[in-house]
Amino acid sequence: MSKGTPPPQDAPPEEPPGLDPERLRAHLDRQLPGLTRGPLRARLIEGGRSNLTYRVTDGTSSWVVRRPPLGHVLATAHDMRREYRVISALHGTPVPVPEALLLCTDESVLGAPFYVMELVEGTPYRTADQLRPLGAERTRAVVLSLVDTLVELHAVDPETAGLGDFGRPEGFLDRQLRRWGKQLAASRSRELPGIDALHDELRSTLPDSPAPTVVHGDYRLDNVLVGADDRITAVLDWEMSTLGDPLTDLGLLVMYSEQRESPLAGAGAGAPSPLATTRGAPGHPEPAELIERYAARSGRDVSRVAWYTAFAYFKIAVILEGIHYRYTLGRTLGEGFDRIGAVVPHFIEHGHATLSALDES
């Protein structure tokens, strides 16, 4: 077809990679008869670092499909059963999650396991510029609601929710440090002054964990949807969830709230998730207020939250170094990856500074 020639009127809609609408509909018709009322159309929803998310519609109703990335991946890193199980268990609790409708482990349908859930309307806010139109009062309410929802998550009794065997909370922090230490070793391609010392200091100052809870593992504002009433309508992206130390979620949230600007100069909504920040929006609460609100509403001792925040800095440094390593191997697509390596020291330095402040307190 020559350039500028319009497509035929009856041309079928383009299929997004990783999802065949006809095969999906045939499977849904077998498993959930009457759910769909016509041919399906799908589009890939941008965002997220890992699993693929699609919005699917029959022209009347819409749903969301989640599946692992394309190509060969480790099953444990993109376990659809895990995500499906946790949102199924949390549906009906005070934690807002979409209703899980169907899990498919038959890879002949879409080429990988996947699950279908209800579509929840809401806005994910990734940057200060996206929050700014809300104004200071509404921005403050949204961020405080994020803390309140985290308290609700950590108040869920795992046994009652059917998640008593969802993880191994004994020795959770030690295993986390070892895991991310191994990840760092697998991504080494250059000298990173201070990162090994940060890992060692975190290990030598390991806190005693409170009673285990369901933890999200990647809890931040752009992993939730916010409704028109400024309430959180859904918590998303549960691929890193497990049973463990709830203060790891709080430490990560505090770490993100300390970043007034993205350390990647000029980064906006297209920045890799660890480099997006909303702190610069007018009305955004200070990190200390978030900690105080969590402590008051959860009743937990947060006196060592600085350790968890330093651990979050270490974890993000390792993630970013992995992205930099893949860039050096030519395995990244898109803009900005050439600058990722330069910001890793920022997170190492802040990790050390946070631990130093803990020692002085």
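His324 counts as buried, at 13% relative accessibility (buried means under 20% relative accessible area, exposed over 50%, partly exposed in between, with a 1.4 Å probe and protein chains only). The place of His324 is in helix 10 (helices are DSSP runs of H or I with at least four residues, strands are runs of E with at least two, both numbered from the N terminus). This is a predicted model, in which local features need pLDDT of at least 70, side-chain atom pairs count only at pLDDT 80 or more, and totals for chains, interfaces and linings use all residues. Residues are numbered from 1 along each chain as its sequence is written, and side-chain values use heavy atoms, with hydrogens and water left out.

**Around helix 10**

- Leaving aside neighbours within four places in sequence, His324 is in contact with Ser189, Arg190, Ile340 and Gly341 (contact means heavy atoms within 4.5 Å).
- Helix 10 spans 305–328 and helix 11 spans 340–360, with Phe337 in the loop between them.
- Phe337 is buried, with a relative accessible area of 17%.
- From C-alpha to C-alpha, Phe337 lies 9.3 Å from Arg326, while the two are eleven residues apart in sequence.

**Aromatic pairs**

- The whole structure holds four aromatic pairs (rings of Phe, Tyr and Trp, the last by its six-membered ring, pair if their centres lie within 6.5 Å; planes under 30 degrees apart count as stacked, over 60 as edge-to-face and the rest as tilted).
- One of them is the stacked pair of Trp307 and Phe311, at 5.7 Å centre to centre and 15 degrees between the planes.
- Both residues lie in helix 10, four residues apart, or about one turn of the helix.
- Trp307 is buried at a relative accessible area of 0%, and Phe311 counts as buried at 5%.
- The Tyr313 and Phe347 rings form a tilted pair, because their planes stand at 50 degrees, with centres 6.1 Å apart.
- Tyr313 belongs to helix 10 and Phe347 to helix 11, so this pair ties together parts that are 34 residues apart in sequence.
- Tyr313 is buried at 0% relative accessibility, and Phe347 is buried at 1% relative accessible area.
- Trp307, Tyr308 and Phe311 make up one aromatic cluster.

**Charge over a ring**

- Arg82 lies over the face of Phe166, 4.1 Å from the ring centre (a charge sits over a ring if NZ of Lys or CZ of Arg is within 6 Å of the ring centre and within 35 degrees of the ring normal).

- Five strands form an open sheet with antiparallel pairing, in the order 1-2-3-5-4 (two strands pair if DSSP finds at least two bridges between them).
- Strand 1 (41–44) and strand 4 (100–104) stand at the edges; each has a single partner strand, so one side of each lacks a neighbour in the sheet.
- Neighbouring strands are turned by 25 degrees against each other on average, direction ignored (axes are lines fitted to C-alpha atoms, for helices over the stretch in contact, and angles run from 0 to 180 degrees between N-to-C directions).
- Strand 1 runs antiparallel to strand 2 (residues 52–57), and four bridges join them.
- Arg43 stands opposite Arg55 in strand 2.

**Helices on the sheet**

- Helix 1 (residues 21–31) lies across strand 2, strand 3 (62–67), strand 4 and strand 5 (114–118), and runs at about 110 degrees to strand 4.
- Helix 2 (residues 80–90) packs on the sheet and touches strand 3, strand 4 and strand 5, with its direction at about 160 degrees to that of strand 4.
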